[in-house]
Amino acid sequence: MEQLPALLIVIPLMSAPLCAALPNNRLPWLLATTVSWAVFVMAVLLALQVLDTGTISYAMGGWQPPWGIEYRIDTLNAFVLLIVSGIGAAVTPFSGRSAGKEIPADRLSLYYCLFMLTYTGLMGITITGDIFNLFVFLEISSLSSYALISLGRDRRALTAAYQYLIMGTIGATFYIIGVGLLYAMTGTLNMADLAHLLPSVSGARTVHTALAFIVAGVGLKLALFPVHLWLPNAYTYAPSPVSAFISATATKVAVYVLVRMLFTVFGVHYSFHVMPLTPILVALSLVGIFVTSLFALSQLDAKRLLAYSSVAQIGYMIAGLSLATTLGVTAGLTHLFNHALMKGCLFLALGCVAYRIGSTRIRDMEGLAHAMPWTFSAFALGGLSLIGVPLTAGFVSKWYLILAALELGWWWLAVAVLAASLIAVAYVWKVIEAAWFRPLPEDRRDVREAPLALLVPTWALVLANLYFGIDTRWSVGMAQLAAKSLLGGGP
Amino acid sequence: MILLGHYNYLIVVFLMMAGFYTVISRGNLVKKIIGLNIFQTSVFILYISLGNIKGGAAPIIAEGVKVYSNPLPSVLILTAIVVGVATTALALALVVRIREAYGTVEEDEIHRQDEDF
């Protein structure tokens, strides 16, 4: 039990070269699935431990912090670890059939190797308490996800991966410049130590610059409007399970990094009161929500539509978080959790469609709901959650976001959130209308329902969407605890 | 004079801007990667400069050595160099595959082909 934090990283990391060494049959899939479930169980155990005993500090290799690398798990990390490993546990089994169809057979074991590396990197970013170690994990996850995206069937996957590589590397380099400047001012890389030392030098221009570099760099990684341009192509042309995994976890982890940096390292007072981040971030996310929702509305490909909607949803998260009130941060973190569930479920449903008809264009889906009712019911329920209909997870986070806006008296923000949800109704309806209310073309008569191996992971996420829309003790409860501790009120 | 005394930081700023500009302005995919490399190299120099102390020796315990440079930034940059090499290798591999698929490494040409497609 004491070694859990290390095992959480070491096990998926070791499984990556093992996957690559296995032959191109079902073995790498079996290994990856077992590992992802084992990691999920460990993340649950770790979360229970954190809720029970408070923050856990693990000295990697026995080197005491702040000199050695510390793994520091508080409520916030534990929460994000649960999201990443939960999505991983749902998407890896899905890969079995879906990747088997979409990825060349001679590259299957390498696919699982890359998948596990991305998984390791994302878990590592979340668990570490050292800002340089975070950079290393960030690059592990990014490099492997560029390669994963380039595995897509369409040749545009290559240019999408290239574009993502350029933007992602610029983002990571900006981050590392910020880290260097912070190190120059304090002589430490440990987050807790930095939080302790930074207030004494916070007047220095170097620290202002460090904040600017880090926010810009992480902003690129989390696809904050207007630096989201890499995201739509990357999500559209990646293989289906990769789109589902990356959309549900990678940007969420980047949002986590921003939260960790702004709230823990720089401190709430410095980030939001000394530096004017609240108006900047709220303005960017509001414009982003509207512009990208309208873009989503005009898309012809369902995957691309969801990708644009992802950028809009990130806007909701950032808007909530940058209010820097307990309610606002709770809303942002809850949406982080819920959005992972809904986008995971929607992209998996599209993965089922791609498995049967080899396309995700809306025109190709006409009437398909009659042939694949389970798949499109999953899509419809995920879509309802995306819109924020009561009794789904999406409603809960939007509800908290509106409460947070009203608490500050920012009624315009509440109105904007509701108005943007109406655009979401329109773009989700586009797909639903084509699939359910058009006749099935003659040449699609022989399309059958997606296989159970694909439907089960998809429906697991659908049920999670419904469950967390009704029982919010876990999702909102943990987000609330994390928000309180971030804002300095309690453990 | 203060500016000249910090000439290494001026070099960092120059390289950073030159690399960044190259990434943004060039349409050739290989040139973009070269720009990205220059951009990353500037950060390496920034870190090494931070750790250096005027007249400092290498951080090895020896008689008569009182002033020594901070070794940590150099170690961090070793890691960053490895990351940089991996990024470049992956980027070039992607460019090779893009060239196989499109027959060109010019961004404009690729966009034009995708629109026709």
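Chain A as a whole averages 90, and 99% of the residues score at least 70. Helices (H or I, at least four residues) and strands (E, at least two) are DSSP runs, numbered from the N terminus.

This is a predicted model, in which local features need pLDDT of at least 70 and side-chain atom pairs count only at pLDDT 80 or more, while totals for chains, interfaces and linings use all residues. Residues are numbered from 1 along each chain as its sequence is written, and chains are lettered from A and ligands numbered from 1 in the order in which they are written.

**Stop 1: helix α2 and what follows**

Select A:Gln49, which lies in helix α2 (residues 27-53) of chain A. Burial is judged by counting other C-beta atoms, placed from the backbone, within 10 Å of a residue's own: 20 or more is buried, 12 or fewer is exposed, and anything in between is partly exposed. A:Gln49 counts as partly exposed because it has 17 C-beta neighbours inside 10 Å.

**Stop 2: two cis bonds**

Go to A:Pro66, in the loop between β1 (56-59) and β2 (70-73) of chain A. The peptide bond that leads from A:Pro65 to A:Pro66 is cis, with omega near 5°. Next select A:Pro226, found in the loop between α8 (205-221) and α9 (230-237) of chain A. A:Phe225 and A:Pro226 are also joined by a cis peptide bond, with omega about 5°.

**Stop 3: two positive phi values**

Stay in the loop between α8 and α9 of chain A and pick A:Ala223. Its phi is near 60°, a positive value in a residue other than glycine. Is A:Ala223 buried or exposed? A:Ala223 is buried, because 28 other C-beta atoms lie within 10 Å.

Then move to A:Leu391, in the loop between α16 (373-387) and α17 (393-407) of chain A. A:Leu391 is not a glycine either, yet has a positive phi of about 75°. With 12 C-beta neighbours inside 10 Å, A:Leu391 counts as exposed.

**Stop 4: the core**

A nonpolar core is a set of buried Ala, Val, Leu, Ile, Met, Phe, Trp, Tyr and Cys residues joined through C-beta atoms within 7 Å. Which members of the largest nonpolar core touch the most other members? Select A:Phe79, A:Met116, A:Ile149 and A:Ala161, out of 218 residues in that core. Two residues are in contact if their C-beta atoms, placed from the backbone, lie within 7 Å. Leaving aside residues up to four places away in sequence, A:Met116 touches A:Pro12, A:Ser15, A:Ala16, A:Cys19, A:Ala32 and A:Val35.

**Stop 5: helix α19**

Select residues 452-470 of chain A, helix α19, which has 19 residues. From first C-alpha to last it reaches 26 Å, close to the 27 Å expected at 1.5 Å a residue; the expected span is 1.5 Å times one less than the number of residues. The buried residues of α19(A) include A:Leu454, A:Trp459, A:Val462 and A:Phe468. Among the elements of chain A that cover the buried residues of α19(A) are α3 (75-102), α14 (326-357) and α20 (475-486).

**Stop 6: where the chains meet**

Show both chains. The contact takes 23 residues from chain A and 25 residues from chain B. On the chain A side, α5 (131-149) and α6 (156-186) each supply at least two residues, and α6(A) gives the most, with 15 residues. By class, this side has 15 nonpolar, five polar and three charged residues. Here Ala, Val, Leu, Ile, Met, Phe, Trp, Tyr, Cys and Pro count as nonpolar, Asp, Glu, Lys and Arg as charged, and the others, Gly among them, as polar.

From chain B, select B:Thr87, in helix α4 (residues 72-102). B:Thr87 touches A:Leu143 and A:Thr169, not counting residues up to four places away in sequence. B:Thr87 is buried, with 24 other C-beta atoms within 10 Å.

**Stop 7**

Chain B has five helices and zero strands. Its C-alpha trace spans about 70 × 35 × 15 Å along the principal axes. Buried residues make up 26% of the 117 residues in chain B.

How values were computed
pLDDT is the predictor's confidence in each residue, from 0 to 100.
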